[in-house]
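Me: I would like to learn how to read a structure like this one, feature by feature. Could you take me through it?

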Amino acid sequence: MTNLSKIFYAVCLFITAISIAVAIYSYNKKEPVRQDDKARNIIVAEATIIAKKFDKNGAEHTIVDETNNILPANLIASNQGYDVAFVDSLISVTDIQKKEIVSLTQINQTISGKNLKAVAVLDSFKNKTYSYNDKNLYVSFTPDQDSNKVGLFNYRYNQNLNVIQYNRKKWLLGAEKSYIDISSNDTNSTINGVKKLTVLRKDKPFGMKLTAKSVYLPQSNKIGMGAQLRLRYKRTTISGSNYYFPTNQKWIPVIGLEYDLLNF
């Protein structure tokens, strides 16, 4: 091993130790609630229904824009700046903590039918039962033989409620918006409203990655194999690699610097 390789490994080891210390410190340090977050208008949970349309099978789809229902992670524990009552109402019956929440969704739906024709059926005891049945709903009513007593009814309801979340831009470099597509296989179903909050957990400013890597040099038709250490801070990345080229039987260190100019 050459002196340059030894220096490279020593530098990588030093940077790794510093990186781990910084990562532990950043993880344990709580992000304070900024004043501008406190002054921000309250983030409501009610999402905007922007369209209702029918698919190829005739099922109605409700399209909801949830772009403005993004909640900064440092606000959710502060109990301010968002619809606290909505969040509390959903998690109060669970053991979920606010710091664990990724998103919450509540769909308000109405299912109704009119002038449905019942079918009268006699059982082996000559008792009459009235029933209605389709692919989603089964309802039956059996009057009591004593006219002074109320009868009994049974029901069963099955439904596929489909929810698709997707992002879309109006043009290539435009702002990306978040949408929800909600549909049901029951044509008697109507979506009245949607409440949604998504907790925005930003990427950590610091990151570290150690990988095995190979490179090919077309000018000399040589292949090198080795390891690469990448250290990222926000948009800047420093990389250090050490490649072994069998044809030369040499280790060649490579150091690089990157800066993200465009990320979409």
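This is a predicted model: local features need pLDDT of at least 70, side-chain atom pairs count only at pLDDT 80 or more; totals for chains, interfaces and linings use all residues.

Me: How many helices and strands does the chain have?

Reply: Helices (H or I, at least four residues) and strands (E, at least two) are DSSP runs, numbered from the N terminus. Here the chain has four helices and 15 strands.

Me: What share of the residues counts as buried?

Reply: Buried means under 20% relative accessible area, exposed over 50%, and partly exposed in between, with a 1.4 Å probe and protein chains only. Of the 264 residues in the chain, 25% count as buried. As for area, the Shrake-Rupley method with a 1.4 Å probe is used, and for residues only the protein chains shown count as cover. The accessible surface of the chain comes to about 19,200 Å², and 56% of that belongs to carbon and sulfur atoms.

Me: Let's take one residue. Is Lys196 buried or exposed?

Reply: Lys196 counts as buried because its relative accessible area is 0%. Its place is in strand E11, residues 189-200. Leaving aside residues up to four places away in sequence, Lys196 touches Ala45, Glu66, Asn69, Ser103, Leu104, Thr105, Gln165 and Ile180.

Me: Which side chain does the side chain of Lys196 join in a polar contact?

Reply: A polar contact is a pair of N or O atoms within 3.5 Å; within protein, one must be able to donate a hydrogen and the other to accept it, and residues adjacent in sequence count only if both atoms are side-chain atoms. The partner is Glu66, at 3.0 Å. For another case, look at Ser241 in strand E14 (residues 236-245). The side chain of Ser241 makes a polar contact of 3.1 Å with that of Gln228, and Ser241 is buried, with a relative accessible area of 2%.

Me: Now sheets. In what order do the four strands of the open sheet come?

Reply: Two strands pair if DSSP finds at least two bridges between them. The order is E1-E2-E10-E9, with antiparallel pairing. Strand E1 (48-54) and strand E9 (161-168) are the edge strands, each pairing on one side only. Inside this sheet, five bridges join strand E2 (residues 60-65) to strand E10 (residues 177-184). Asp65, for example, has Tyr179 in E10 as its bridge partner.

Me: How do I describe a pair of aromatic rings?

Reply: You give the distance of the centres and the angle of the planes. Rings of Phe, Tyr and Trp (its six-membered ring) pair if their centres lie within 6.5 Å; planes under 30 degrees apart count as stacked, over 60 as edge-to-face and the rest as tilted. The count here comes to three aromatic pairs. One of them, Phe153 with Tyr155, is stacked, at 6.4 Å centre to centre and 25 degrees between the planes. Phe153 and Tyr155 are both exposed. Tyr244 and Trp251 form a tilted pair, because their planes lie at 45 degrees, with the ring centres 5.3 Å apart. Tyr244 is partly exposed at 28% relative accessibility, and Trp251 is partly exposed at 38%.

Me: What should I know about phi?

Reply: Most residues other than glycine have a negative phi. Asn115, which is not a glycine, has a positive phi of about 55 degrees. Asn115 sits in the loop between strand E4 (103-111) and strand E5 (119-122), and is exposed at 78% relative accessibility.

Methods:
Residues are numbered from 1 along each chain as its sequence is written. Side-chain values use heavy atoms; hydrogens and water are left out. Contact means heavy atoms within 4.5 Å.
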